[in-house]
Amino acid sequence: MLYFTVIRPTFSIALTLTADDFSLLRVDFGVQQPENAAEKENAVLVQAVAQLQEYFQGQRKQFTVPLQPVGTEFQQQVWRALTHIPYGTTSTYKELAAAIGKPQASRAVGSACHHNPLPVIIPCHRVIGSNGSLTGYAGGLALKQQLLTLEQKS
């Protein structure tokens, strides 16, 4: 069974969280009714909401909620690498490609970041262009900047 809940952190966004009985499956920007999901909280969602609220208040730097992102093996590899970018720092798509042993795959890394089903928790917002510019983010560049600023202040 899938369950979902919506949270509204202090930022000007809403997040829809989807989980099963064991893991957090998705974090989507905005208010959405996930397909085949009931609006009901479970232990995973309670933990995820608490950790996200702590993060948005600058009190949490790492997430421990169990995750189960669905994607290709390459996407999984990129998403694991994203979790190793330290809080308050950034990496480039090129550096991330090198970190996973595929130095020519910068564009594919960008695509994997774009398809990250657990943004914020798997911190694709910490990836920037090689020239230091902010690049695409599912929640928008303004939100990406807010998240980076939050982390630099904490």
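How many bridges pair strand 1 with strand 2, and in which sense do they run? Strand 1 (residues 2-7) and strand 2 (residues 15-19) are antiparallel partners, joined over five bridges. Two strands count as paired here if DSSP finds at least two bridges between them. Strands (E, at least two residues) and helices (H or I, at least four) are DSSP runs, numbered from the N terminus.

A word on the model before going on. This is a predicted model, in which local features need pLDDT of at least 70 and side-chain atom pairs count only at pLDDT 80 or more, while totals for chains, interfaces and linings use all residues. Residues are numbered from 1 along each chain as its sequence is written, and side-chain values use heavy atoms, with hydrogens and water left out.

Put together, four strands make an open sheet with mixed pairing, in the order 3-2-1-4. Strand 3 (24-29) and strand 4 (37-39) are at the edges; each has a single partner strand, so one side of each has no neighbour in the sheet. From one strand to the next, the twist averages 30 degrees. Angles run from 0 to 180 degrees between N-to-C directions, and axes are lines fitted to C-alpha atoms, for helices over the stretch in contact.

A19 and P66 are 47 residues apart in sequence, and their C-alpha atoms are 9.7 Å apart in space.

## A helix across the strands

Which strands does helix 1 lie across? Helix 1 (residues 43-56) lies across strand 1, strand 2 and strand 3, and runs at about 145 degrees to strand 2. V49 is a residue of this helix, and with a relative accessible area of 11% V49 is buried. Leaving aside residues up to four places away in sequence, V49 touches T5, I7 and L17. Touching, or contact, means heavy atoms within 4.5 Å. V49 and R8 are 41 residues apart in sequence and 9.8 Å apart in space, C-alpha to C-alpha.

## Two crossing helices

Further along the chain, there is a pair of helices to look at. Two packed helices are described by the angle between their axes and the distance between the axes. For helix 2 (residues 73-82) and helix 4 (residues 106-114), the axes come within 9 Å and cross at roughly 80 degrees. That makes helix 2 roughly perpendicular to helix 4, a label for angles of 65 to 115 degrees.

Who meets whom? On the helix 2 side there are F74, Q75, V78, W79 and L82, and they meet A108, V109, A112 and C113 in helix 4. The residues of this contact divide into eight nonpolar, one polar and no charged. In that sorting, Ala, Val, Leu, Ile, Met, Phe, Trp, Tyr, Cys and Pro are nonpolar, Asp, Glu, Lys and Arg are charged, and the others, Gly among them, are polar. A108, which is in helix 4, is partly exposed, with a relative accessible area of 34%. A108 and Q75 are 33 residues apart in sequence, with 8.7 Å from C-alpha to C-alpha.

## Salt bridges

A salt bridge is a side-chain nitrogen of Lys or Arg within 4 Å of a carboxyl oxygen of Asp or Glu. By this rule there are four, and the table includes some of them.

| Pair | N to O distance |
|---|---|
| R26 and D28 | 2.7 Å |
| R80 and E73 | 3.2 Å |
| R126 and E151 | 2.9 Å |

R126 lies in the loop between helix 4 and strand 6 (127-128) and E151 in helix 5 (residues 141-153), so this pair ties together parts that are 25 residues apart in sequence. Both R126 and E151 are buried.

How accessible are the other partners? D28 is buried at 13% relative accessibility, while R26 is partly exposed at 37%. R80 is partly exposed at 43%, and E73 is exposed at 54%.

Notes: Angles under 35 degrees count as roughly parallel, over 145 as roughly antiparallel, 65 to 115 as roughly perpendicular and the rest as oblique. Buried means under 20% relative accessible area, exposed over 50%, partly exposed in between (1.4 Å probe, protein chains only).
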